[in-house]
Structure formats: C-alpha cells, structure tokens
Amino acid sequence: MSWRRGGGVSDAGVARRWVLLLCVGSFCLGLLFTGRMWTLPEASELPIPNSRRQKEAEVAAGDCSLAKSVCDPNIVQPIDLDENFIPLCRQVQGKHDYSEILQMSDTHHDAQTLDKTIANLETELSAARTLQESFLNGSPVSEEYKSSEPTGRRKYLMVIGINTAFSSRKRRDSIRNTWMPQGEKRRKLEEEKGIIIRFVIGHSAISGGIVDRAIEAEDRKHGDFMRLDHVEGYLELSGKTKTYFATAVALWDANFYVKVDDDVHVNIATLGNILSKHILKPRIYIGCMKSGPVLSDKDVRYYEPEHWKFGDAGNKYFRHATGQLYAISKDLATYISINKHVLHKYINEDVSLGAWLLGLDVEHIDDRRLCCGTPPDCEWKAQAGNTCAASFDWKCSGICNSVQNIWGVHNKCSEGERALLTASF
C-alpha cells in the first residue's frame with residue numbers, strides 16, 4: 001500500500017506541471033493570434049503632430065505664401081509634408097484663385113456701389129454742416145429739418161424751389177391758384193409722385209423783423225416755404241442759390257433739384273417726364289442753354305463787375321442755363337453743398353451756377369421745352385402735342401405782369417390736372 005501511495009503522489013505532481021505548461025503555451029498562442037488580427041488605423045486617423053496641424057490650418061485659412069511654396073513645383077518645398085497634405089494645399093489654392101476671378105468680374109459693380117456710398121456720405125456730411133451752421137449763426141431750424149434722418153430717407157424724384165422775395169406775396173398766391181397744388185393735393189403729390197414744391201426765401205437783414213413775421217404767418221397758413229440761412233437781396237441771388245441747393249440736398253434725398261422763378265408758369269408732369277429720362281445719369285445740368293454777352297457798362301441791366309475775367313470787351317459768357325428754370329442732379333447739388341464756401345459768386349446767379357459746373361465732368365442738356373414763350377407760342381405747341389414744361393416772356397425774364405397774366409398762360413398752356421394724376425415717372 002505504501003507503494004501505491006507513493007505512486008499516486010508522483011502522478012499528481014506530473015499532472016500539475018503539464019497543466020502549467022499548457023496554460024503558458026495557450027497564453028503565448030493567444031498573444032500571437034491576437035497580434036496578427038489587429039487592423040492598422042487609416043492614415044486619416046493617425047495623430048497629426050501639432051506643427052503639421054498648424055501648417056494645414058494656415059493653408060485652410062488662405063495663407064497664399066505657404067500654399068504657393070508647397071504647391072508650386074518650381075519652388076523647393078521648405079517643409080517636409082506628407083502626400084495627403086499636398087492635394088489639400090492645391091484644393092485650397094484653387095478655391096482662392098476662383099475667388100479672385102469672381103472678385104475681378106464684379107469690379108465694375110463694386111465701383112458703382114462705392115461711388116454711391118461716397119455720395120451718400122457726402123450728403124450726410126453736408127446735412128450735418130448745414131445744421132451746425134444754423135446753430136452757430138443762431139438761425140431758427142425748421143421742425144421739418146430737425147425730424148429729417150440722415151440715413152434711410154425716402155427717395156424723391158425732384159425738389160422744386162420757387163425763388164421768391166418778401167414783396168412777392170401776390171405772385172406766390174397766383175402760383176398757388178394756378179400750377180402749384182395746395183393742401184391735400186400737394187401732400188399726395190409728395191407721397192405718390194415724389195415731388196416736393198416749396199417757395200424759397202431767406203430772412204431780412206434784421207432777423208425777426210416785420211417782413212420775417214409776415215412770412216412766418218404765411219407759412220403757418222400754407223406750409224409751403226423753405227426758409228434759408230441767407231440775407232435777402234437782389235445782388236445776393238448767387239449766394240441764395242448756393243444756400244438753396246445746400247439746404248434742399250440736406251432736407252430731401254432727390255434725383256433732381258430744380259430752381260424756378262416766381263413769375264414762370266410750370267407744367268409739373270411734363271417737367272417730371274423730361275427729368276426722369278435722365279435719372280440714371282449722375283451729373284446732369286439741364287435747362288435752356290445760352291451764351292450772352294458780358295456787359296461792362298455799369299448803367300445797363302445785368303452789368304458784370306468782374307467782366308475783365310472773361311477776356312476782352314465784346315466777349316461772351318460760357319454756355320450756361322438761363323435763370324428762369326434749370327435743374328441739376330443730386331451729385332451736383334451735393335458738390336455745391338460741400339464746396340459752397342469756396343465757390344465764387346458772380347453778380348448773375350445763372351452765370352455763377354454755370355461757372356461752378358464748368359470745370360466738372362457734367363453733361364449739359366439744352367431742352368427748349370423749359371423756356372417756351374407765353375401764348376400763342378406755348379398754346380400752339382400744346383395743341384401739337386408738344387406740351388411745354390415752362391413758359392415765360394423773354395423780354396421780361398418772366399411772365400410780364402405775372403400776377404394777372406399767369407392765369408391766361410395757365411388756361412391756354414396748362415397740361416391739365418389729370419396729366420399729373422396719371423403721370424408715371
């Protein structure tokens with residue numbers, strides 16, 4: 001029995017050794033088998049060093065110098081990059097080149113947008129200057145001006161400024177009773193047709209005097225005045241013209257600014273149709289162009305004190321629009337507003353305006369519908385279907401005795417109220 005016991009113990013020891021060897025062998029086989037089954041990660045899943053990551057970010061952000069150094073085969077690549085990075089660089093560079101092509105194709109559009117932006121900024125600057133001057137000079141600022149916004153303002157077709165004087169109350173009433181709409185009709189004209197009409201006047205040498213109070217009372221009744229920071233006087237018409245354009249362009253954003261005398265008959269719809277044909281042109285100066293003699297005789301009307309500036313005796317003025325009615329585009333009105341302090345004033349305001357625009361890139365348009373005669377001239381033209389925009393007598397530089405005679409002109413040469421209602425500018 002002792003032999004059996006000894007043999008049993010020996011067999012158990014042998015069995016334990018085999019079990020241990022079998023476990024170790026199985027573990028090694030498992031490691032070998034598992035190692036062969038591992039899958040290598042994709043190249044895109046490999047961690048990118050920080051320096052390389054930074055280089056890719058620079059290319060993706062549009063670093064042209066890096067893209068060129070990497071992608072251009074003629075340049076030795078200073079950076080050791082993997083083959084996956086080169087196509088990325090070329091793709092980014094291709095996008096950059098395509099963007100440049102698009103930008104070049106839009107150059108003309110961008111230039112136009114820039115010009116428009118500059119013009120708007122100049123208009124706002126002009127408005128600010130005008131308002132500042134009014135405060136500094138102690139002149140009253142109208143509520144209409146205070147409430148106007150420098151940006152986002154409504155666009156109007158035209159502003160018609162009727163030049164008038166303190167003594168011309170009857171002329172103003174004759175215009176109100178003929179071609180200038182009143183009350184609700186004038187309001188609808190502004191809102192529906194984009195046409196502003198105002199009598200233009202400054203103040204007396206003694207601000208707040210009796211004539212100023214009379215204008216204020218008239219304005220409260222009709223609400224159709226544009227008051228200027230300007231001292232009234234016949235010899236100051238050139239200065240008044242500058243101030244009118246500066247004030248008008250600050251108050252209203254319009255395509256055209258018109259000046260007309262208070263003894264001229266106007267057909268508003270016809271005038272609007274004429275101007276609307278030139279609405280896409282930036283620098284327009286339109287009226288009845290003339291070139292009269294420079295008068296050096298002090299005893300004659302329209303004497304020019306600075307006649308010597310225009311050459312020898314007998315010379316004529318440069319071409320300019322007659323002063324009864326003319327219109328300029330917004331760009332030109334803005335130019336006058338910004339440069340009004342350095343624009344020279346000649347004795348005749350129509351000559352002054354022509355001088356201010358003479359050295360600019362301006363299109364002068366001579367339209368004889370803006371200076372028709374009184375009946376029968378304007379009457380015959382109306383019957384022939386060629387309605388006049390403005391009518392007056394050349395011999396009087398306006399309608400002779402306009403308070404009484406403007407009625408006859410209106411009855412025979414008016415375009416009719418319906419023309420304005422149905423007009424489409």
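# Briefing on the predicted model

Ser-397 sits in the loop that runs between strand S9 (390-391) and helix H15 (402-413). Phi of Ser-397 is positive, near 55 degrees, although the residue is not a glycine. Ser-397 counts as buried because its relative accessible area is 18%, and the cut-off for buried is under 20%. The protein as a whole has 16 helices and 9 strands.

**Confidence**

- The average pLDDT of the protein is 80, and 66% of the residues reach at least 70.

**Overall burial and contacts**

- The protein has 425 residues, of which 40% count as buried.
- Of the contacts between residues at least 6 apart in sequence, 75% join residues at least 24 apart.

**Helix H11 and Leu-275**

- Helix H11 spans residues 268-276 and is largely enclosed by the rest of the structure, because 7 of its 9 residues are buried.
- The buried residues of H11 are Ile-268, Ala-269, Thr-270, Leu-271, Gly-272, Ile-274 and Leu-275.
- Leu-275, which belongs to helix H11, has a relative accessibility of 1% and so counts as buried.
- Beyond residues up to four places away in sequence, Leu-275 touches Met-158, Phe-256, Val-258, Ile-286 and Ala-327.
- Leu-275 and Ala-327 are 52 residues apart along the chain, and their C-alpha atoms are separated by 8.4 Å.

**Ser-238 in helix H10**

- Ser-238 is part of helix H10, which covers residues 237-251.
- The relative accessibility of Ser-238 is 2%, so the residue counts as buried.
- Neighbours within four places in sequence aside, Ser-238 is in contact with Lys-345, Tyr-346, Ile-347, Asn-348, Glu-349, Ser-352 and Trp-356.

**Aromatic pairs**

- The model contains 7 aromatic pairs.
- One of them joins Phe-310 and Tyr-346 in a tilted arrangement, with 5.2 Å from centre to centre and 50 degrees between the planes.
- Phe-310 is in the loop between S6 and S7, while Tyr-346 is in the loop between helix H12 (330-338) and helix H13 (349-358); the pair therefore ties together parts that are 36 residues apart in sequence.
- Both Phe-310 and Tyr-346 are buried.
- The pair of Phe-392 and Trp-394 is edge-to-face, because the planes stand at 65 degrees with the ring centres 5.1 Å apart.
- The two partners of that pair are covered as follows: Phe-392 is buried, with a relative accessible area of 0%, whereas Trp-394 is partly exposed at 44%.
- A cluster held together by ring pairs consists of Phe-310, Tyr-317, Phe-318 and Tyr-346. Tyr-346 is also among the contacts of Ser-238.

- Tyr-302 is located in the loop between strand S6 (284-290) and strand S7 (320-329).
- Tyr-302 counts as partly exposed because its relative accessibility is 36%.
- Together with Tyr-234 and Leu-235, Tyr-302 forms a nonpolar patch on the surface, and the three have about 350 Å² of accessible area together.

**Backbone geometry**

- Most residues other than glycine have a negative phi, and most peptide bonds are trans.
- Tyr-302 is not a glycine, yet its phi is positive, at about 65 degrees.
- Ser-397 likewise has a positive phi, near 55 degrees.
- Pro-375 and Pro-376 are joined by a cis peptide bond with an omega of about 15 degrees.
- Pro-376 lies in the loop between strand S8 (363-366) and helix H14 (377-383).

How values were computed
Residues are numbered from 1 along each chain as its sequence is written. This is a predicted model: local features need pLDDT of at least 70, side-chain atom pairs count only at pLDDT 80 or more; totals for chains, interfaces and linings use all residues. Side-chain values use heavy atoms; hydrogens and water are left out. Patches are made of residues with over 30% relative accessible area and no salt bridge: like charges are joined within 9 Å, nonpolar side chains (Val, Leu, Ile, Met, Phe, Trp, Tyr) within 5 Å. Accessible areas come from the Shrake-Rupley method with a 1.4 Å probe; for residues, only the protein chains shown count as cover. A salt bridge is a side-chain nitrogen of Lys or Arg within 4 Å of a carboxyl oxygen of Asp or Glu. Helices (H or I, at least four residues) and strands (E, at least two) are DSSP runs, numbered from the N terminus. pLDDT is the predictor's confidence in each residue, from 0 to 100. Rings of Phe, Tyr and Trp (its six-membered ring) pair if their centres lie within 6.5 Å; planes under 30 degrees apart count as stacked, over 60 as edge-to-face and the rest as tilted. Buried means under 20% relative accessible area, exposed over 50%, partly exposed in between (1.4 Å probe, protein chains only). Contact means heavy atoms within 4.5 Å.
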